Amino acid sequence: MRFAIRLRPENEPFKVPFNHQHKLQGLIYRRIQRVNPELSLRLHSPKVPKLFTFSLFMAERRDLEKGRPYFLGHGRGFFYFSTAVPEVAEAFITGLLQKPEVELWGERFTVEEVKSLAEPERLSGRKFVTLSPIAVTTRRLQFGKLRSYDLSPSEPEFYELIRENLREKYLHIYGTNPPEDFKMKVLNAKPKRFEVKPGIFQVAWHLVFRAKGDEGLLKAGYLAGFGEKNSIGFGMVKVDGRENWLKPDSAGT
């Protein structure tokens, strides 16, 4: 299930900091907690797969100010939310509609519209575009210690870990042994460095890619995100030519 959420700003233009995923994540958890406290508690457990993701916050039109850590948005703000768990979708969307007034990074908005988006009938062989960048990490020995290492699409392990991550999601969604049929070819890649928490950074990748393989694996990625850290705003994709409800190229990237 995926949704487009459009917000009317109290003031225009409005600021959108480039490092804003944690603020959107906070909004999602607060609205889920408002409707379903038990579900919110489960989702806060590190051992529970979240199986949801969301896009970067976007604007109908934006202006960049050189050297500033934000862009100025004009018109409506919007973002996309996707999940493989109907209970999560119901709690978040109900919470938004019950309390449409939203404050994000000091800006005030009102939820103006929530639109359910139809899923494509076929995913294998299609071209995908990221709505939030894809993060893939591993552990490597550096200066005598194992440290977190952000992989890039130029490294074969990047694709291996994406496939294994999809298989794990498939297992949680469908409850059956996951297939291995998955191939991914990157057509365009752009790295971005995000501060996900104070002092904690993540290099992730805006990608245009083509993916082939098992429809169930691809659907797991389409609904719950490709790569890691989906529930903090990484790995949401659209099928090229779809979800153009507003302008997806006006993201804070």
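**Aromatic residues and what surrounds them**

Both Phe57 and Phe109 are buried. Please keep in mind that this is a predicted model. These two residues form a tilted aromatic pair, with 5.4 Å centre to centre and 55° between the planes. Where do Phe57 and Phe109 sit? Phe57 lies in the loop between E3 and strand E4 (58-64), and Phe109 lies in strand E7 (residues 107-117), so the pair ties together parts that are 52 residues apart in sequence. The two also belong to one aromatic cluster, together with Phe14, Phe79 and Trp105.

The structure holds 15 aromatic pairs. A second one to look at is Tyr29 with Phe52. Their ring centres are 6.0 Å apart and their planes stand at 70°, so this pair is edge-to-face. Tyr29 is in helix H1 and Phe52 in strand E3, 23 residues apart, and the pair thus links distant parts of the chain. Buried or exposed, for Tyr29? Tyr29 counts as buried, because its relative accessibility is 10% and the limit for buried is under 20%. Phe52 counts as buried too, at 1% relative accessibility.

Two arginines sit over rings. Arg2 lies over the face of Tyr222, at 3.8 Å from the ring centre. Arg62 lies over the face of Phe71, and there the distance to the ring centre is 5.5 Å.

Now helix H1, which holds Tyr29. H1 covers residues 21-35, which is 15 residues. At 1.5 Å a residue the helix should span 21 Å, and its end C-alpha atoms are 22 Å apart, which agrees. Which residues of H1 are buried? They are Gln21, Leu24, Gln25, Gly26, Leu27, Ile28, Tyr29, Arg31 and Ile32. An α-helix has 3.6 residues a turn, so residues three or four places apart point the same way. The buried residues of H1 pack against several elements, including helix H2 (37-43), strand E5 (70-83) and strand E11 (182-197).

Take Gln21 from that helix. Gln21 counts as buried at 4% relative accessibility. Leaving aside neighbours within four places in sequence, Gln21 is in contact with Phe54, Leu56, Phe194, Ile232, Gly233 and Phe234.

Next, the nonpolar cores. The largest has 30 residues, and those with the most contacts inside it are Ile5, Phe57, Phe81 and Phe92. Here Phe57, from our opening pair, turns up again. The largest share of this core, six residues, comes from H3. There is also a second, separate core of 23 residues, which includes Leu151, Met184, Ala211 and Val237.

One annotation comes from a record.

Two buried residues in loops come next. Asn230 lies in the loop between helix H5 (215-224) and strand E13 (237-239). Its relative accessible area is 9%, so Asn230 is buried. Beyond its neighbours within four places in sequence, Asn230 is in contact with Phe52, Thr53, Phe54, Lys169, Ala224, Gly225 and Gly235. Glu155 lies in the loop between strand E10 (145-150) and helix H4 (156-174). Glu155 counts as buried at 15% relative accessibility. Not counting residues up to four places away in sequence, Glu155 touches Arg140, Tyr149 and Asp150.

Last, some backbone details. A cis peptide bond joins Glu12 and Pro13, with omega about 0°. Pro13 lies in the loop between strand E1 (2-9) and strand E2 (14-17). Then there are two residues with positive phi. Phi of Leu51 is near 55°, a positive value in a residue other than glycine, and Leu51 is found in the loop between H2 and E3. Phi of Phe143 is near 55°, again positive and again not in a glycine. Phe143 is found in the loop between strand E9 (137-142) and E10. How do they compare for accessibility? Leu51 counts as buried at 11% relative accessibility, whereas Phe143, at 82%, counts as exposed.

Note on methods
Residues are numbered from 1 along each chain as its sequence is written. This is a predicted model: local features need pLDDT of at least 70, side-chain atom pairs count only at pLDDT 80 or more; totals for chains, interfaces and linings use all residues. Side-chain values use heavy atoms; hydrogens and water are left out. Helices (H or I, at least four residues) and strands (E, at least two) are DSSP runs, numbered from the N terminus. The expected span of a helix is 1.5 Å times one less than its number of residues. Buried means under 20% relative accessible area, exposed over 50%, partly exposed in between (1.4 Å probe, protein chains only). Contact means heavy atoms within 4.5 Å. A nonpolar core is a set of buried Ala, Val, Leu, Ile, Met, Phe, Trp, Tyr and Cys residues joined through side-chain atoms within 4.5 Å. Rings of Phe, Tyr and Trp (its six-membered ring) pair if their centres lie within 6.5 Å; planes under 30 degrees apart count as stacked, over 60 as edge-to-face and the rest as tilted. A charge sits over a ring if NZ of Lys or CZ of Arg is within 6 Å of the ring centre and within 35 degrees of the ring normal.
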